[in-house]
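Hello,

Please look through it before reading on.

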Amino acid sequence: MAVGTSSFRDSVDRMFGHAAGLMDLPPGLEEKIRVCNSTYTVRFGVRLRGAIHTFTGYRSVHSEQMEPVKGGIRYSLDVTQDEVEALAALMSYKCALVDIPFGGSKGGLCIDPRAWDEEELEKVTRRFTYELSRRNLISPSQNVPAPDMGTGEREMAWMADAYKRLHPDDINARACVTGKPLGLGGIAGRVEATGRGVQYALREVFRHDDVLKRAGLQGGLAGKRIVVQGLGNVGYHAAQFLSLEDKALVTTVIERDGAISNPQGINIDALRGHIRATGGVRGFTGGDYREEGLLGLEDECDILIPAAVESVIHADNAERIRCKMIIEAANGPVTADADEILKRKGVVIVPDMYANAGGVTVSYFEWVKNLSQISLGRLERRHEEARARMLIEELERISADTGTNFKLAKGFKDQFLIGADELELVRSGLDDTMRETFGTMKEAWMANRNIDDLRTAAYVVAIRRISTAYGSLGL
Ligand code: NAD
């Protein structure tokens, strides 16, 4: 990490303070919203490889104006209380911004997941779940974790199973975590959701010429040069969708062991395969390798997508950043100092709170699916198909009767006749959320000349919604 994690928390607080200072909040409310309500620290021992190993975990609850509170669980040796609290605060603001009825929370376990095998990780995860459950820090109605860095479907499946064993009479037990595998109560499209949300966010930004103009960009996403840091869950999906579906060129990918560059565009699937096989990007033949990976952040490009860890763009390298737009797929990749510098340079920053909200949005759909105990579209799909078929058949009958020889375009009929399945509904809900939220953010940005960027606008919208919720609760 480029700078200490405490600066990540300072950055979140400073950005929050900047936005709150532009609002007319009742006395004391700014402080009430800013502070983290509680953080639980747990140290537990697990017998592994013939010895007892002690692990430290955290679960922070930032705000409870809406319940359950929601936020991922991170597995990393860099996890600290400060980091978890900053991430929990961001979750509160993110949920409010995208209008999802959750409060904000976050968890972390100090562990290097690559240092332990699957069986060992399962033992540790189940024990962590037990510790969280004892304090209602995992519960369908109060606190719902999700994947984050170092965790994924596998860990969520273990957590859901551990919770179910502890609460066999809870009919909603599956809703205790989101990001589960499909067969265990997950939802189609959750794994790709955050990266997909980054794509939808960029597509929406590219529909606004005035925003593009501020960044010195024009046209569509096709051919735009993109630098991505971190080819994990979020970075891989964003890079893959943007290159395959929007024809953008991913010209640099930065990973832990270096960077790969190719001005013609990197084959993302091939690089992902190489990382899986070898553990890093070194040795990949589809581009030039550099050991000093972080310098890749300074490569000239149109769009920079930090999708790894926080604080990677800071006061010391911000001046050298040569992109026109940054879309923060990771949480907190730009420090408050760097934010000021980049703003001065005219770089448009699409803030994390919005850019990576796809994960929590689809998690919300999964939670709703779990509570309603039925998959999305199961009731309507065939009905929708039958109505579409009726319409087509009627048009064909009219065409035959009137001799107009009316013909539908090739492929249209088949596509029109397909009722929406769960994946399509999830993508539609996600796209809608990203579009609507951008509109709300932009409106706030344009409405007040003191709101000088999208990040401040995002904070203003989030703080306004949280303060309204506190107001309704009589606080
Ligand atoms: P992940 O563990 O799947 O992937 C992280 C990737 O970044 C890995 O490939 C790792 O090797 C790489 N990486 C780590 N440190 C690096 C460094 N210093 N330099 C270069 N590469 C580095 O994690 P993820 O789930 O993709 O999360 C990435 C970011 O997105 C985090 O900030 C996370 O909080 C945020 N996020 C994730 C989700 C989600 O749904 N997974 C949702 C919202 C936000």
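Please keep in mind that this is a predicted model. I start with lysine 442, which is buried because its relative accessible area is 15%, and the cut-off for buried is under 20%. Lysine 442 belongs to helix H15, which covers residues 422-447. Leaving out residues up to four places away in sequence, lysine 442 touches His208, Asp210 and Val211.

The rest concerns the ligand. It is surrounded by 22 residues, and the closest of them are Arg74, Asp148, Thr194, Glu255 and Asn331. Sorted by class, the shell around the ligand holds nine nonpolar, eight polar and five charged residues. Domain 1 (36-186) and domain 2 (193-358) each give at least three residues to that shell.

- Arginine 256 has a polar side-chain atom 2.9 Å from an oxygen atom of the ligand.
- Glycine 150 has a polar backbone atom 3.1 Å from an oxygen atom of the ligand.
- Glutamine 229 has a polar side-chain atom 3.4 Å from a nitrogen atom of the ligand.

On its own, the ligand has 830 Å² of accessible area, and the protein covers 86% of that. Helix H8 (233-244) and strand S7 (249-255) are the elements that contribute two or more residues to the shell around the ligand.

Regards

Terms used: Residues numbered from 1 in each chain as written. Predicted model: local features only at pLDDT ≥ 70, side-chain atom pairs only at ≥ 80, totals over all residues. Heavy atoms only, no water. Near = heavy atom within 4 Å. Polar contact = N/O pair within 3.5 Å; in protein donor to acceptor, adjacent residues only side chain to side chain. Areas by Shrake-Rupley, 256 points an atom, 1.4 Å probe, with all protein chains shown as cover. Helix = DSSP H or I, 4+ residues; strand = E, 2+ residues; numbered from the N terminus. Nonpolar A, V, L, I, M, F, W, Y, C, P; charged D, E, K, R; others polar. Domains from an automatic or database assignment. Buried < 20%, exposed > 50% of the residue type's maximum accessible area, 1.4 Å probe, protein only. Contact = heavy atoms within 4.5 Å.
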